[in-house]
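Work through the exercises below with the sequence and coordinates open. Each one gives a task and then a solution in steps.

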Amino acid sequence: MSPALLLNNGHIHSNEHRPDGFATNAIHVGSEPSQETGAVMPSIALSTTFKQDAVGVHKGYEYSRSGNPNRDAFEKAVASLESGKYGIAFASGSATTATVVQSLGPGAHVVAVNDVYGGTFRYLTRVASETQGLEVSFVDLETSSDEAILSSIRPNTKLVWIESPTNPTLRVIDVPDIIRLVHSHPSHPLVLVDNTFLSPFYSSPLLLGADIVMHSVTKYINGHSDVVMGVLVLPQRHVRLAERLRYLQNASGAIPSPFDCWLALRGVKTLPLRMKQHGLNALRIANRLLDSPYVEEVIYPGLIDASRHAIALASLSPHAAKFIDTLPADVVAHGVPYGGMVSFRIKGGEGAAEKFLTKTRLFTLAESLGGVESLAELPALMTHGSIPKEEREKIGITDDLIRLSIGCEEVEDLIDDIDQALAAAVAQSTSLVDDLTVKKAHAAAIVHHINGVHPLHA
Ligand code: P1T
């Protein structure tokens with residue numbers, strides 16, 4: 001926490017101390033006890049308007065769309081967790097995306113990772129392309145050569161949009177490498193990292209040189225599946241851009257309510273605790289899925305044998321690396337916690353996938369992620385249904401791909417739930433296939449008997 005603070009005992013906190021750690025900031029920044037009442041937790045400022053002592057003389061607030069104490073507190077808290085200076089909150093992650101894209105002006109070009117969140121894909125290709133003539137190139141930022149990435153940048157390229165790990169195939173982008181490359185280009189595009197999947201706990205893109213970080217707060221930051229909201233964080237050097245985005249926040253008015261900001265700030269306080277548990281549970285489950293006879297492929301970059309493990313390890317935030325250092329050897333024998341998202345391909349195709357999703361007891365079949373409760377979904381038909389099938393399949397979003405948002409329940413209960421649902425889904429669809437084979441064989445025998453011709457030769 002860098003600014004001087006009024007302490008609980010009334011003393012002023014000097015700046016001359018070791019910087020507070022991530023969990024301390026999560027609990028304290030934006031939540032200073034009220035100087036007026038002593039309330040330890042901020043009250044909710046529902047008033048839409050604020051008294052002025054004379055025209056233009058006020059306590060920092062005029063009208064709640066332009067500024068609100070709960071929104072300020074939340075923005076301050078997230079900015080500190082992302083090691084940034086400016087936090088700017090919006091009514092949803094999607095409103096956040098829309099505002100960033102609006103800020104680019106007409107005729108801009110954006111390079112985006114080729115498996116962005118389906119809603120981001122939709123906004124870039126179907127909304128901004130119409131309303132502001134936006135051009136977009138989707139590039140495989142994981143495997144493309146430096147030359148290919150550089151050649152995708154045009155004179156009007158204003159922004160490079162990264163999601164890492166990507167949603168839902170969990171491909172890990174080498175963020176510092178892309179930043180180095182993009183910043184070396186004469187067009188000087190900005191680099192934005194959508195850090196929703198890892199949260200500020202596992203990844204700190206601004207420390208790696210990113211220009212903007214965005215979050216769907218709806219996910220891990222709020223953490224309880226009861227708020228839809230988004231946020232941007234920018235470093236000190238981007239004061240002008242931050243002013244522009246704050247201007248658009250007010251002018252477009254897609255702002256979160258004071259109550260949502262209050263709830264999300266409460267969520268922030270437990271972010272480190274939750275993220276540790278999400279990560280530990282996800283690592284155990286990913287290892288369990290690896291051993292399952294009903295699973296074709298497991299995708300979790302924390303797994304030691306995952307192709308993206310080395311990049312994942314190198315990209316960890318300092319606080320996540322510190323957490324991992326404290327874990328016992330048996331916990332990290334087969335990997336490290338790396339967020340709470342696990343994707344896998346089930347044997348038996350779409351039929352088995354759909355069956356699995358209706359057989360779980362604790363995993364709820366639902367879109368979204370990042371809450372304390374576990375969720376499961378079928379990206380091809382749900383979150384990524386807005387991407388044309390051909391495009392989806394090219395980037396690995398096949399009909400047998402299941403995405404799990406691993407919650408904070410007892411991991412043994414989650415494992416039992418997955419085991420029984422897999423057995424029911426795959427064994428059942430296998431026995432259906434067996435049934436069908438038997439029936440076909442019967443039918444064939446009958447045809448053979450009647451016609452005297454073997455059906456295979458007919
Ligand atoms: O839902 P909203 O708060 O508007 O956030 C959009 C968004 C932005 N970025 C990423 C990486 C996201 O995953 C999302 C929303 N995602 C889901 C709803 C989902 O189930 O994947």
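**Exercise 1: a ring pair and its burial**

F356 has a relative accessible area of 0%, so F356 is buried. The structure is a predicted model.

Task: Classify the pair that F344 and F356 form, and state where each ring sits in the chain.

Solution. 
Step 1. A search of the whole structure gives 7 aromatic pairs. In one of them, the rings of F201 and Y202 have centres 4.9 Å apart and planes at 90°, so this pair is edge-to-face.
Step 2. F344 and F356 are also an aromatic pair, with 5.5 Å from centre to centre and 85° between the planes. The cut-off for edge-to-face is an angle over 60 degrees, and the F344 and F356 pair is edge-to-face.
Step 3. F344 belongs to strand β11 (residues 341-346) and F356 to helix α13 (residues 349-359). The two residues are 12 apart, and their pair links distant parts of the chain.
Step 4. F344 has 0% relative accessibility and therefore counts as buried.

**Exercise 2: an aromatic cluster**

Task: Which residues form one aromatic cluster with F201 and Y202?

Solution. 
Step 1. The cluster consists of F22, F201, Y202 and F323.
Step 2. For F201 the relative accessible area is 2%, so F201 is buried.
Step 3. Y202 is at 0% relative accessibility and so counts as buried.

**Exercise 3: the surroundings of S152**

Task: Decide whether S152 is buried or exposed, then list what surrounds S152.

Solution. 
Step 1. S152 is part of helix α5 (residues 146-152).
Step 2. Buried means under 20% relative accessible area. S152 has 11%, so S152 is buried.
Step 3. A polar atom of the S152 side chain lies 2.6 Å from the backbone oxygen of I149. The cut-off for a polar contact is 3.5 Å.
Step 4. With neighbours within four places in sequence left aside, the contacts of S152 are H109, V111, V139 and T157.

**Exercise 4: D416**

Solution. 
Step 1. Helix α15 (residues 411-451) contains D416.

How values were computed:
Residues numbered from 1 in each chain as written. Predicted model: local features only at pLDDT ≥ 70, side-chain atom pairs only at ≥ 80, totals over all residues. Heavy atoms only, no water. Phe/Tyr/Trp six-rings, centres within 6.5 Å; stacked < 30°, edge-to-face > 60°. Buried < 20%, exposed > 50% of the residue type's maximum accessible area, 1.4 Å probe, protein only. Helix = DSSP H or I, 4+ residues; strand = E, 2+ residues; numbered from the N terminus. Polar contact = N/O pair within 3.5 Å; in protein donor to acceptor, adjacent residues only side chain to side chain. Contact = heavy atoms within 4.5 Å.
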